[in-house]
Amino acid sequence: MIPLTAYIDGIGLLGPGFADWPSAAAILCAAAPYVAAATVLPAPLSLPPPERRRTGRVVKLALAVGFEATTRAAIERSSLTTVFSSSGGDGFNCHEICQVLASSDRQLSPTRFHNSVHNVAAGYWSIAAGATAAANVLCAHDASFGAGLLEALTQVVVARTPLLLLAYDTQYPEPLNAKRPIPDAFGVALVLAPNASAPTLAKLTAMLTYNDADHMSEPPLEAMRASIPAARSLPLLKKLAQRESGRVIVDYLSHVRLALEVELCS
Amino acid sequence: MIPLRLTCFTAVSAVGCGTAETLDSLEQQRSGLAPCAFETVDVETHVGEVPGVDATALPESLRGFSCRNNRLAQLGLMQDGFAAAVAASAGHWGPRRVGVFLGTSTSGILETELAYRARDPAAGALPKDFNYAATHNSFSVADFVLQTLHLEGPAAVMCTACSSSAKVFASAQRMISAGLIDAAVVGGVDSLCLTTLYGFHSLQLTSRLPCRPFDVARDGISIGEAAAFVLLERPPSRLDGDAIMLLGTGESSDAYHMSSPHPEGRGARASIHQALTAAQLAPGDIDYINLHGTATISNDCAEDLAVTSVFGTGTACSSTKGATGHALGAAGALEAVICALAIQHGIMPGGLSTTAVDPKLNLHYLCENRRGNVRRVLSNSFGFGGANCSLIFGRGA
C-alpha cells in the first residue's frame, strides 16, 4: 500500500463563529474565546455578475473557503484538481423545488433546476477559477468529510498533483430541517500537495482505523462537530491550530474512521 | 494506469432486466422508450421506465431504505449472480478490502416530493415515517448496497450529475492503485422523479418524441432510469483472454456554464485524451465509441467536435440513449455495461430513432447494428456543471 501522505499548503474555513482560518485557529488553540455567531457568507465576487445572481448559500460557502485556502497556499487555482464533499446540496433550493412540485402549478425555474445538482458548487468553482482539471463531487451523509479527505489523499498519492479539497454543508429550511437538522453553514478547504514546499503547514498521513473518532473538549465546538458533517474536520483543524504534531482520529463511516498522523512543517 | 478486471457486471434499464435481456434488446434494436405515464407527471415526453420496480421488495432488515431508487438498486443486485460474485470477492479479499462507489443524481428525492404533498396542513411538517437519510440523501443508495452486500470497505456516492457513475470507475481505480482496497462495487442508480422530469422540461431539454441522438431533427432528451453495477477487481497475474478490463479513465471540467457544454467540446476532448493516455492507446486502437449522445442540439454538436478532433470521422460511434433513455446519474455505469457486452459479443449497437444523421455532424454514427471484433471501446459521459468523464474498456489479452 502507498502511504496516504500529502502536505497541507493552505486552509480556508467558515462556520458559526468562525470568520476565516487565522481567527478560527486562534479560537481552536484557545488563544481567543469562542463566541457563537451565525455564519456570514460573502458574495461570490469571483463570479461574473449573471452567475453571481444565481448562486445560493452552498455556492457562496464553497467558493469562499476555496478562495481562502488557495490564496493562503499562493497556488494557481486554474491548475488544481478538486474534490468537493457535502452531505446535501442547496437546502433552500431543494425546498423551493419540492414546494413547487407539490403545488398545482409545477412549472420549475430553469435556474432552480440547475442549482439543484449536488455538484453545483463544483460547476461554479470551475467557472470562477477557470479550473479545467477533474472535479469529483461526493456525498456520504454524515461521513462526507472523511469520504472527501480519503478521495483527496488517494488522488494526491496516485496522480502526484496538488489538489483542493472542499467540504461544506448548509442547512435546510423547515420542514426538511426537522428531518435533517443542520444548525448552520460550515465549510473547510485544504490545499493538499504531493511534496513539501514553502507554504507547507503540515504533513498529513491517513490510515483506516476501527477506533472511535476524537471529540472536541469544548461543548459548543463538540456540538458543532456532531451536528454539521463538514465540522467533523474540527479535531484535525484543532491539531493544526495548536501547531502540534500527533495523531488524531476523524469521523468517517459507521464501520471505519480515519486516523491522521500530523507532522508540523513550519 | 493499472488495468482492472470487470469480474461481474449487470444492468437493469428500460431495455432489460439483467445482461441477457439487455443484449437481446440491443440485438433486436428494441427501444424501451414509451410515452410518459409516470406518477402524476403531465409533461408530454417519452421516458425509459423500468417495469417492476415498485413490486421489488427490499430485504426485511433494510425496509427503512424503501424508495424507488433503492428498490431499483435491489432489482439490479439480484441479476446476473452479482450479489454472489461480490460475496466471493469479499470472501477472497476480506469485506474491509472491498469498497462501494456509486453514482446518482437524484437518489430517493421522489420520497421527499411525495412527502411534501403529504405535509401536515396546519404545521407544515413532513409525515412521521419520512426518512431523509435512508431515502432522500444521495448516500442512501451506497449505504443500502454496503449493508445488502455485507461490505465494510470505504464508500461514497459520486454526484456529478450525468457523469456520476462513470467517474466512480476512476475513483475506485485510484483507491485500488493506492492499495487501500483490492476490489470495489461501482455503478449507478437513478430513478424517475418529478424534479428531473419537470426540471429538464423547464430547460426545454426534453423531447416530445423518443429522443433522436445525432439526428438532424433532434430536439432533446428522453429521461430514463437504471441500476447498473460492476465488480471491479485487481486482476490476477494470469488473465483469461475473455476478461473485460477497465483500461483507461479521463476526467475534466468545462469551466464554462452550469447547464450547457463548452461549444467546441473542450472539456470532452481533454477527458478523451486523458483516457487514451492512461490506457497507453492511440485513437486508432478504439473500435467503437459509446457516445454521451443525449440528443440535445448542443451536446451532440459539442461531442461531435470533440470526438472528430481526436478520432477523425472513421471510428464507429453511437448513442444507446435512443434505446434506454438518458439514465442521468446511472448513465455512465449503464453504458459501461453496454460497452462490456459490445466487447463480449462483438456487437456495435446502432442508435435507435435516428433516421437522418445531422449533415453538420461529422462523426461516423451507426444507425444499424454492426458486427465485428470489438477489442477496445470508449464511453463518454458529460454532466451539468461541465463534469466530463471518458472510460476505455477492452479485452484482457
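Predicted model: local features only at pLDDT ≥ 70, side-chain atom pairs only at ≥ 80, totals over all residues.
Reader: Is A161(B) buried or exposed?

Author: Burial is judged by relative accessible area, with under 20% counting as buried. A161(B) has a relative accessibility of 5%, and therefore counts as buried.

Reader: What is the phi of L328(B), and where does L328(B) lie?

Author: L328(B), a residue other than glycine, has a positive phi near 50°. L328(B) belongs to the loop between α11 (321-324) and α12 (331-345) of chain B. Because its relative accessibility is 3%, L328(B) counts as buried.

Reader: Which residue follows α10(B), and what is its phi?

Author: G312(B) follows α10(B), and its phi is positive, near 75°.

Reader: How should the length of helix α10 of chain B be checked?

Author: One compares the expected span with the distance between the end C-alpha atoms. Helix α10 of chain B has 15 residues (297-311), so at 1.5 Å a residue it should span 21 Å; its end C-alpha atoms are 21 Å apart, in agreement.

Reader: How does one read the pattern of burial along a helix, and which residues of α10(B) are buried?

Author: The general idea is that an α-helix has 3.6 residues a turn, so residues three or four places apart point the same way. In α10(B), the buried residues are N299(B), D300(B), A302(B), E303(B), D304(B), A306(B), V307(B), T308(B), V310(B) and F311(B).

Reader: Against which elements do the buried residues of α10(B) pack?

Author: Their partners in chain B are the helix α9 (266-279) and the strands β11 (288-290), β12 (316-318) and β16 (376-383).

Reader: Where is N69(B), and is it buried or exposed?

Author: N69(B) sits in helix α2 (residues 68-77) of chain B. Its relative accessible area is 1%, so N69(B) is buried.

Reader: Which residues does N69(B) contact beyond its neighbours in sequence?

Author: With neighbours within four places in sequence left aside, N69(B) is in contact with T104(B), S107(B), G108(B), V141(B), V189(B), D190(B) and S191(B).

Reader: Where does E21(B) lie, and what is its relative accessible area?

Author: E21(B) is in helix α1 (residues 19-28) of chain B. Its relative accessible area is 44%, so E21(B) is partly exposed. Not counting residues up to four places away in sequence, E21(B) touches V15(B), G16(B) and R30(B). The C-alpha atoms of E21(B) and A11(B) are separated by 9.5 Å, with the two residues 10 apart along the chain.

Reader: In chain A, which peptide bond is cis, and where is its proline placed?

Author: A peptide bond is read through its omega angle. The bond from E174(A) to P175(A) is cis, with omega near 5°. P175(A) is placed in the loop between β4 (163-169) and α8 (176-179) of chain A.

Reader: How does one judge the overall form of chain A?

Author: One sets the radius of gyration beside the value for a compact globule. With the 266 residues of chain A, such a globule would have a radius near 18 Å; chain A has 18 Å, which agrees. Its C-alpha atoms fill a box of roughly 60 × 40 × 35 Å along the principal axes. Chain A has 10 helices and 8 strands, and 62% of its residues count as buried.

Reader: What does the corresponding reading give for chain B?

Author: A compact globule with 397 residues would have a radius near 21 Å; chain B has 20 Å, which agrees. The box filled by the C-alpha atoms of chain B is roughly 65 × 50 × 40 Å along the principal axes. Chain B has 12 helices and 17 strands, and 67% of its residues count as buried.

Reader: How much of the contact in each chain joins residues at least 24 apart?

Author: Among contacts between residues at least 6 apart in sequence, the share is 73% in chain A. In chain B, with a separation of 6 or more, the share is 78%.

Technical notes:
Residues numbered from 1 in each chain as written. Chains lettered and ligands numbered in written order. Heavy atoms only, no water. Helix = DSSP H or I, 4+ residues; strand = E, 2+ residues; numbered from the N terminus. Expected span 1.5 Å × (residues − 1). Buried < 20%, exposed > 50% of the residue type's maximum accessible area, 1.4 Å probe, protein only. Contact = heavy atoms within 4.5 Å. Rg over C-alpha atoms; globule rule 2.2 N^0.38 Å.
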